[in-house]
Amino acid sequence: MPSDNKIEASLNAAPAPRAADKILDVARDLFYREGIRAIGVDEIVKRAGVTKPSLYRSFPSKDELAASYLRKYDLEFWERFDEAVDAHPGNPRAQIIAFLTRVGKRTQKSDYRGCGMTNAAVEYPERGHPARIVSENNKQELRRRLRAMAAAMGAADSDTLGDGLLLLIEGAYISGQLFGLGGPAAAVARNADLLIEASLKK
């Protein structure tokens with residue numbers, strides 16, 4: 001008969017991850033590091049330690065698995081963005097600089113592979129693809145927010161400033177992969193601040 005300690009330990013133990021969660025975690029890692037098209041479902045189920053039927057019970061197709069990965073990526077992206085916003089209430093300039101400071105630091109890591117959304121949009125040019133749709137929605141919302149923040153700063157041409165900031169961000173995502181440590185993406189926050197300053201001058 002099990003002891004009270006063993007029973008208590010069993011009750012307090014974290015539940016084993018569901019197959020769908022394991023599949024999504026493995027897919028997220030592989031898709032981000034190696035690209036979505038480069039990874040097949042056989043590799044995913046092998047790494048996750050599950051069967052192929054269990055994958056297709058949770059995700060009807062690889063396309064849907066890719067879209068699920070990007071939906072999770074989208075949530076994490078906005079969590080990071082909102083953290084920067086919440087740290088500087090009422091100060092959109094500081095919010096943007098705080099967000100981009102973190103982006104610049106991430107680009108200097110050896111395992112940096114840019115933005116998963118940007119990468120997916122490049123991999124899937126067809127407009128109706130589930131992964132492409134998630135990526136486009138993320139970028140459209142980022143553009144909307146940056147334009148609104150530029151307007152809140154008092155920029156005379158807020159749409160142009162917002163779009164300029166978006167171009168800087170996308171450039172950092174790509175150049176971070178090309179140049180790595182010491183590359184221009186490290187200075188994305190500084191360049192954004194210079195652009196903002198120039199845009200606010202009368």
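Predicted model: local features only at pLDDT ≥ 70, side-chain atom pairs only at ≥ 80, totals over all residues.
Before the details, some housekeeping: residues are numbered from 1 along each chain as its sequence is written, and side-chain values use heavy atoms, with hydrogens and water left out. Local features need pLDDT of at least 70, side-chain atom pairs count only at pLDDT 80 or more, and totals for chains, interfaces and linings use all residues.

**Two crossing helices**

Let's start with α2 (residues 19-34) and α5 (residues 62-87), which pack at an angle of about 85 degrees with their axes 10 Å apart. Helices here are DSSP runs (H or I, at least four residues), numbered from the N terminus. The axes are lines fitted to C-alpha atoms over the stretch in contact, and angles run from 0 to 180 degrees between N-to-C directions. That makes α2 and α5 roughly perpendicular to each other, a label that covers 65 to 115 degrees.

On the α2 side, the contact (heavy atoms within 4.5 Å) involves I23, L24, D25, A27, R28, F31 and Y32. From α5 come K62, L65, A66, S68, Y69, K72, Y73 and E76. Sorted by type, the residues of this contact are nine nonpolar, one polar and five charged. In that scheme Ala, Val, Leu, Ile, Met, Phe, Trp, Tyr, Cys and Pro are nonpolar, Asp, Glu, Lys and Arg are charged, and the others, Gly among them, are polar.

As for length, α5 has 26 residues and spans 38 Å from its first C-alpha to its last, close to the 38 Å expected at 1.5 Å a residue. With 16 residues, α2 reaches 22 Å, again close to the expected 22 Å. The expected span is 1.5 Å times one less than the number of residues.

Buried residues (under 20% relative accessible area, 1.4 Å probe, protein chains only; exposed is over 50% and partly exposed in between) in α2 include I23, L24, A27 and F31. The buried residues of α2 pack against α3 (41-48), α4 (52-58), α5 and α7 (116-123). In α5, the buried set includes L65, A66, Y69 and Y73, along with W78 and F81.

**Salt bridges**

The whole structure holds 21 salt bridges, each a side-chain nitrogen of Lys or Arg within 4 Å of a carboxyl oxygen of Asp or Glu. Here are some of them:

| Pair | Closest N to O distance |
|---|---|
| D82 and R145 | 3.0 Å |
| E141 and R144 | 2.7 Å |

D82 sits in α5 and R145 in α8 (residues 130-153), 63 residues apart. D193 lies in α10 (residues 188-200) and R93 in α6 (residues 92-106), so this bridge ties together parts 100 residues apart in sequence. E141 and R144 are both in α8, three residues apart, about one turn of the helix. Salt bridges with shared partners join D82, E141, R144 and R145 into one network.

D193 is partly exposed at 22%, and R93 is partly exposed at 22%.

A150 is found in helix α8 and is buried, with a relative accessible area of 0%. Beyond its neighbours within four places in sequence, A150 is in contact with A155, S158, L161 and G162. The C-alpha atoms of A150 and R93 are separated by 7.9 Å, though the two residues are 57 apart along the chain.

Note on methods
Parallel < 35°, antiparallel > 145°, perpendicular 65-115°, else oblique.
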